[in-house]
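Thank you all for coming. Please take a moment to look at the sequence and the model before I go on.

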Amino acid sequence: MTDIKTIHIIMNPTSGESQLKVPFIGRLLGITSHGGSGASSVDVLATVTEWFTERGVEVVGHKTKYGGHATEIAKQLCVEGVDVVVAMGGDGTINEVANGLVGSDVTMGVIPFGTANEFSLAFGIPLQILEACELILKGDRVPIDIGKANDRHFLCMA
């Protein structure tokens, strides 16, 4: 286990909604994001917060309000000197958070809660929420390459 004391979770409150509204699309595509829980991202944030708190880790949640907001929040957290920022959402949210953290020493964790979760699948991040939390708490860091197109960075798709 790691000595993480505080994590900041940047959450897209609309992540995974298409799967919740039309679950057959996920089944058709073979998508099993967030364990088919049917829970909203707000419910999941509460569960995740409780899980980390029980393990002595303080959680500060940040809900995005518009496109690009996750990048703004992540940049501000870098200025504040936080150690760990967790992106909770889909590939778009993860990409936005990464854009805010690029060039910093801040560690990014991922709690997959999107429709397809391609990034998480590619990097072996468990799609089960609490298993992803365990991976974050374990503290293993893996450097990843990022690309850049025009003024935006990208992780697994441009």
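Let me begin with a question: which handedness does the β-α-β unit made by β3, α5 and β4 have? The unit of β3, α5 and β4 is right-handed, and a crossover is called right-handed if, with the strands pointing away from the viewer, the path from the first strand over the helix to the second runs clockwise. Helices (H or I, at least four residues) and strands (E, at least two) are DSSP runs, numbered from the N terminus.

Before going further, please keep in mind that this is a predicted model, in which local features need pLDDT of at least 70 and side-chain atom pairs count only at pLDDT 80 or more, while totals for chains, interfaces and linings use all residues. Residues are numbered from 1 along each chain as its sequence is written, and side-chain values use heavy atoms, with hydrogens and water left out.

Let us turn to the strands, where two strands pair if DSSP finds at least two bridges between them. Strand β3, residues 84-89, is joined by 6 bridges to strand β4, residues 107-112, and the two run parallel, with Met-88 standing opposite Ile-111 in β4. β3 also pairs with strand β1, residues 6-11, in the parallel sense over 4 bridges, and here Ile-10 stands opposite Ala-87. β1 in turn pairs with strand β2, residues 58-63, again parallel, over 6 bridges, and Ile-7 faces Val-59 there.

How many residues of β3 are buried? The count is 6 of 6, where buried means under 20% relative accessible area, exposed over 50%, and partly exposed in between, with a 1.4 Å probe and protein chains only. Val-84, Val-86 and Met-88 cover one side of this picture, and Val-85, Ala-87 and Gly-89 the other, all of them buried. In β1, 5 of the 6 residues are buried, so β1 is largely enclosed by the rest of the structure.

Finally, the helices: α4, residues 69-80, and α5, residues 91-101, pack at an angle of about 35°, with their axes 7 Å apart, the axes being lines fitted to C-alpha atoms over the stretch in contact, and angles running from 0 to 180 degrees between N-to-C directions.
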